[in-house]
Amino acid sequence: MNAETVVKRLQELAAPEQAKIMQRYFKTGSGEYGEGDVFLGLKVPQCRRLIPEFRPLPLVERLQLLQSPLHEARFLGLLLLVDGFQRGTPELREEIYRGYCANTSRINNWDLVDCSAEHVVGAHLRERSRAPLHEFVQSKLIWERRIAIMASFHYIKRGEFGETLRLAETLLHDREDLIHKAVGWMLREIGKRDRSTEESFLRQHYRSMPRTMLRYAIERFPEPLRQGYLKGNL
């Protein structure tokens, strides 16, 4: 079993009409963030159902899937890395983390980041120095910046908010909409668990943060409070 075996299996499940829809949705046109990406048309549940079938795939072949031009091959490769990390020994987890970080240029769309960053990068660094997150958040590569903020979801789910807030502050003036959305989403997740912590951050920064970031962050607020933030009169 190797990466080529996996690709052939994915190609058997291809849905050309769905692929056309996905290519538009994931912005694969000229000048867009997903420019040149190629889709087979598989939906997320289809990919997830293949995990048990390809669990015997060696790590080197899982990483090889990240080199595929096919989006679903990279997606499934990442799902298999996450599965391997969660089931693996400490030594294997270290290998998966290093392999992941060596291939960030191939984790090159928001769904690829979001299905994996918290489960590999966030989990690996939980009891270690978080310095790699702060290196990623300063990266010129949008996907590394998104990996940094999305990795912190691992900590949010465990009631630890400080790392996310530090990363969010660094990303407040990022130029990319995909980063604005990710930061706003993570702030909203903090607010779902501790509204006062989110609001403390927002009241300090809401007038200067990107509008999309703010809208995502306050999406679940009561309408009068939400309007207060949007109108800047709090």
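The legends below describe close-up views of a predicted model.

View 1. The structure holds 0 disulfides. For cysteine 47, the closest cysteine sulfur belongs to cysteine 115 and lies 9.4 Å away, which is too far for a bond. Cysteine 47 is buried, with a relative accessibility of 1%. For cysteine 101, the closest cysteine sulfur is again that of cysteine 115. This separation is 15 Å, too far for a bond, because a disulfide requires two cysteine sulfur atoms within 2.5 Å. Cysteine 101 is partly exposed, at 22% relative accessibility.

**View 2. The largest nonpolar core and the contacts of leucine 202.** The largest nonpolar core comprises 74 residues, and the members touching the most others are Leu76, Leu187 and Leu202. Helix 5, spanning residues 71-87, gives the most to this core, contributing 9 residues. In soluble globular proteins, nonpolar side chains tend to be buried together. When neighbours within four places in sequence are set aside, leucine 202 is in contact with Leu187, Met209, Leu214, Ala217, Ile218, Phe221 and Tyr229.

**View 3. Helix 5 and its surroundings.** Helix 5 has 17 residues. From its first C-alpha to its last, helix 5 reaches 24 Å, close to the 24 Å expected at 1.5 Å a residue.

**View 4. The salt bridge between arginine 130 and glutamate 160.** Across the whole structure, a search finds 21 salt bridges. One of them joins arginine 130 to glutamate 160, with 2.8 Å between the closest N and O atoms. Arginine 130 lies in the loop between helix 8 (117-124) and helix 9 (131-136), while glutamate 160 lies in the loop between helix 11 (153-156) and helix 12 (162-170). The pair therefore ties together parts that are 30 residues apart in sequence. Arginine 130 is buried, with a relative accessible area of 12%, whereas glutamate 160 is partly exposed, with a relative accessible area of 28%. A network of salt bridges links Arg130, Glu160, Glu163 and Arg166.

**View 5. The salt bridge between aspartate 174 and arginine 145.** Aspartate 174 forms a salt bridge with arginine 145, in which the closest N and O atoms are 2.6 Å apart. Aspartate 174 is placed in the loop between helix 12 and helix 13 (177-193), and arginine 145 in helix 10 (residues 142-151), so the pair ties together parts that are 29 residues apart in sequence. Aspartate 174 is buried, with a relative accessible area of 13%. Arginine 145 also counts as buried, at 9% relative accessibility.

View 6. The side chains of glutamate 189 and arginine 193 meet in a salt bridge, at 2.8 Å from N to O. These residues are 4 residues apart in helix 13, which means that about one helical turn separates arginine 193 from glutamate 189. Arginine 193 is partly exposed, with a relative accessible area of 40%. Glutamate 189, by contrast, is buried, with a relative accessible area of 7%.

Definitions and conventions:
Residues are numbered from 1 along each chain as its sequence is written. This is a predicted model: local features need pLDDT of at least 70, side-chain atom pairs count only at pLDDT 80 or more; totals for chains, interfaces and linings use all residues. Side-chain values use heavy atoms; hydrogens and water are left out. Buried means under 20% relative accessible area, exposed over 50%, partly exposed in between (1.4 Å probe, protein chains only). A nonpolar core is a set of buried Ala, Val, Leu, Ile, Met, Phe, Trp, Tyr and Cys residues joined through side-chain atoms within 4.5 Å. Helices (H or I, at least four residues) and strands (E, at least two) are DSSP runs, numbered from the N terminus. Contact means heavy atoms within 4.5 Å. The expected span of a helix is 1.5 Å times one less than its number of residues. A salt bridge is a side-chain nitrogen of Lys or Arg within 4 Å of a carboxyl oxygen of Asp or Glu.
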